[in-house]
Amino acid sequence: RRFPEKSVSSGPARFARHPIYTGGCLAYLGLIMSHPTVPLAIALSGWVICIRLRMRYEEAILTQAFPQYADYRRRVGALVPWPATLNAKDTAPAPGL
């Protein structure tokens, strides 16, 4: 298994560990709100399950590759910011991330 060479915790990743997935969730939320159909709801439910599994897989790899990722994971929400993240005075990334 090939591990990532570096981890990013700046920019949008300061507020959410998976900002790309957050954007996808928002886009699909808008889609289901504008076109509420059963087939679309089923498809989106499948997408949510796949994304959740992918997030678990990615985080397992990042935890192995970067021991400090566990601290980052405690401080930063997966898809949306924890209230503490928004109010933190120190928004600098953790060392090594």
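From the N terminus on, the elements of this protein run α-α-α-α. That gives 4 helices and 0 strands. Both are DSSP runs, numbered from the N terminus: helices are H or I with at least four residues, strands are E with at least two.

What we have here is a predicted model, where local features need pLDDT of at least 70, side-chain atom pairs count only at pLDDT 80 or more, and totals for chains, interfaces and linings use all residues. Residues are numbered from 1 along each chain as its sequence is written, and side-chain values use heavy atoms, with hydrogens and water left out.

Now, confidence. pLDDT is the predictor's confidence in each residue, from 0 to 100. The protein averages 82, and 80% of the residues score at least 70. Where is confidence highest, and where lowest? Helix H2, residues 38–65, is highest at a mean of 93. Helix H4, residues 83–87, is lowest at 58. Over residues 89–97 the pLDDT is below 50. Beyond near neighbours in sequence, that stretch has 11 contacts in the model (heavy atoms within 4.5 Å).

Next, burial. Of the 97 residues, 27% are buried. Buried means under 20% relative accessible area, exposed over 50%, partly exposed in between (1.4 Å probe, protein chains only).

Last, Met33. Met33 sits in helix H1, residues 19–34. Is Met33 buried or exposed? Met33 counts as exposed, because its relative accessibility is 63%.
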